[in-house]
Amino acid sequence: MKSSDEKTALLDKRAAEIAAISRQRLRYWAKTDLITPDVERVISQRNVVTLYSLPRVVELVVASELRQQGVSLQHMRWIIEHLRHQGY
């Protein structure tokens with residue numbers, strides 16, 4: 001994560017709210033490497049701080065919209081990778 005993004009990083013709960021997805025779906029997408037958090041720090045066994053930069057939150061919003069449109073996870077992965085390679 002760039003130093004400028006550190007100032008705009010959001011907790012996982014807020015990132016999920018903005019993208020209109022559940023925290024469970026957010027964790028699933030991270031687990032499957034669709035969209036991973038920029039920072040993940042283990043504070044204790046049951047307490048993990050997870051932060052998403054603004055570009056990652058935009059990816060979450062795009063993925064959420066694609067999901068609502070019925071796009072498969074495999075196709076969503078391809079679209080997000082394509083956008084990343086294009087610099088978005």
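Modeller: Two strands count as paired if DSSP finds at least two bridges between them; strands are DSSP runs of E with at least two residues, helices are runs of H or I with at least four, and both are numbered from the N terminus. The model is predicted: local features need pLDDT of at least 70 and side-chain atom pairs pLDDT 80 or more, while totals for chains, interfaces and linings use all residues. Residue numbers start from 1 along each chain as its sequence is written, and side-chain values use heavy atoms, without hydrogens and water.

Biologist: What makes β1 and β3 a pair?

Modeller: They share two bridges in the antiparallel sense, and the definition asks for at least two, so they pair. L10 stands opposite Y52 in β3.

Biologist: Why is R14 called partly exposed?

Modeller: Its relative accessible area is 44%. Buried means under 20% and exposed over 50%, with a 1.4 Å probe and protein chains only, so a value in between is partly exposed. R14 lies in helix α2.

Biologist: Which residues of α3 are buried, and how do you know on which side they lie?

Modeller: In α3 (residues 23-31) the buried ones are L26, W29 and A30. They cover an arc of only 100° around the axis, and therefore sit on the same side of α3. That arc is taken from the directions from the helix axis to the C-beta atoms. Q24 and K31, on the other side of α3, are exposed.

Biologist: What do the buried residues of α3 pack against?

Modeller: Their partners are α2 (12-19), β3 (47-52), α4 (54-68) and α5 (73-85), with contact meaning heavy atoms within 4.5 Å.

Biologist: What makes a set of grid points a pocket?

Modeller: On a 1 Å grid over the protein atoms alone, a pocket is an open set with protein on both sides within 12 Å along at least five of seven lines; lining residues have an atom within 4 Å of a point. The largest pocket has a volume of about 150 Å³, that is, the space filled by probe spheres set on the points.

Biologist: Which element gives the largest share of its lining?

Modeller: α3 does, with four residues. The lining residues of the largest pocket include R23, L26, R27 and A30.

Conventions: 1 Å grid on protein atoms, 1.4 Å probe; cavity = no way out; pocket = protein on both sides within 12 Å on 5 of 7 lines; lining within 4 Å.
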